[in-house]
Amino acid sequence: MTKRLILPSLLAVMACSKTETTMPTKQDASIHILDSTAMEILDPETKLEVLSTGHSWSEGPLWLEKEQTLLFTDIPNNAIFQVKDGQSSIYLQPSGYTGTTQRGGEVGANGLTLDPQGRLVLCQHGDRRMARMDAPLEQPAATFATLADNFQGQRLNSPNDVVFDREGNMYFTDPPYGLEFNMDDPAKELDFQGVYCLKTDGELVLVDSISRPNGITFSPSQDKLLVANSDPKLAVWYEYDLVAPGKVENRRIFFDATEYVGKDGYKGLPDGMKMHSSGILFATGPGGVWVFDQNGKPLARIETGEATSNCALSSDEKNLFMTADSYVLKMVLK
């Protein structure tokens with residue numbers, strides 16, 4: 001899901017203290033335990049720390065272990081920011097649209113990840129492609145190599161989120177949110193919204209088409225693929241059996257949150273998600289971040305007070321990072 005409000009000027013970023021114990025907390029956030037199993041990983045008394053705020057719409061959190069840095073995107077402002085040593089600053093701009101023609105819509109990069117070689121891969125809304133930054137992480141530059149920009153000769157819509165499997169195959173989603181006029185954009189070439197796999201041999205495979213594909217991840221064993229559908233009329237997470245690279249079977253609903261859409265206290269739709277090595281899934285959706293067991297049973301909901309777009313785990317899985325509207329938040333896990 002993306003936010004439709006675009007602010008006219010670049011944001012004012014709040015610099016947080018370098019001392020973790022004095023970081024500001026989001027006062028209207030809370031942790032709602034739905035099943036006692038959640039207590040194995042969550043402390044309901046934990047506060048959500050504010051790492052950065054003032055953004056137009058934050059997305060794509062990515063933890064860089066070697067650099068001890070959190071990257072995240074601000075889509076309307078066509079920028080990637082970093083939080084390093086408690087300070088928030090611009091890391092890369094432009095991030096998702098490198099054209100010279102002025103246009104509206106959600107132009108910046110959305111989801112971010114690292115490829116098997118440790119290089120930054122971006123879902124570029126404005127350029128309508130999957131791309132790799134052609135520069136080292138420690139010396140970012142707005143130079144990009146195209147990984148995929150069309151399916152069977154028709155331009156992609158606007159890639160949204162991405163994940164690599166252990167073999168190096170790249171899976172990504174392609175909803176219409178980065179097009180200036182969304183589904184009604186005259187530049188839209190595909191008549192569907194796809195989930196794709198770019199195989200290591202260079203073949204781009206259509207895995208499935210659903211109404212609004214968004215967040216994407218694997219089960220810990222990578223025998224299952226999970227995809228969020230950010231459609232208010234069908235706000236669900238799907239699960240598939242992954243039988244070969246780019247080939248799935250047995251699509252089923254992992255969890256259906258449609259009944260919560262639009263209710264007071266339930267801002268947002270199924271969006272980005274991250275899988276914990278234990279099999280617990282952190283999935284942004286109506287009301288914040290949902291916490292599921294491997295069977296789709298809700299264990300908890302982290303209520304951020306905002307429409308929450310995505311989340312990421314630190315390498316040691318002790319910290320959960322969340323992008324929530326204008327905020328970037330951190331929560332300590334057990």
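**Close-up 1. Ser314 sits in the loop between E25 and E26.** This is a predicted model, and we start at a single serine. Although Ser314 is a loop residue, Ser314 is buried, with a relative accessible area of 6%. Look for a polar atom of the Ser314 side chain: the backbone nitrogen of Lys318 lies 3.3 Å from that atom. Setting aside the residues within four places in sequence, Ser314 also touches Trp63, Asn319 and Phe321.

**Close-up 2. The largest nonpolar core has 22 residues.** Which of these residues touch the most other members? They are Leu42, Phe282, Ile302 and Met322. Several strands give two or more residues each to this core: E23 (288-292), E24 (298-303), E25 (308-313), E26 (319-324) and E27 (327-332). In soluble globular proteins, nonpolar side chains tend to be buried together.

**Close-up 3. Five strands make an open, antiparallel sheet.** Follow the strands across and you get the order E1-E24-E23-E22-E21. Which strands stand at the edges? Those are E1 (30-33) and E21 (273-275); each has a single partner strand, so one side of each is left without a neighbour in the sheet. On average, neighbouring strands here are turned by 20° against each other, if you ignore direction.

**Close-up 4. Cys123 is in no disulfide.** Now for the cysteines. A disulfide is a covalent bond between the sulfur atoms of two cysteines. How many disulfides does the structure hold? The count is zero. For Cys123, the nearest cysteine sulfur is that of Cys197, 14 Å away. Cys123 is also buried, with a relative accessible area of 0%.

**Close-up 5. Cys311 is a buried cysteine.** Its relative accessibility comes out at 0%. The cut-off for a disulfide is a pair of cysteine sulfur atoms within 2.5 Å.

Technical notes. Residues numbered from 1 in each chain as written. Predicted model: local features only at pLDDT ≥ 70, side-chain atom pairs only at ≥ 80, totals over all residues. Heavy atoms only, no water. Buried < 20%, exposed > 50% of the residue type's maximum accessible area, 1.4 Å probe, protein only. Pairing = 2+ DSSP bridges. Helix = DSSP H or I, 4+ residues; strand = E, 2+ residues; numbered from the N terminus. Axes fitted to C-alpha atoms, helices over the stretch in contact; angles between N-to-C directions. Core = buried A, V, L, I, M, F, W, Y, C linked by side-chain atoms within 4.5 Å. Polar contact = N/O pair within 3.5 Å; in protein donor to acceptor, adjacent residues only side chain to side chain. Contact = heavy atoms within 4.5 Å.
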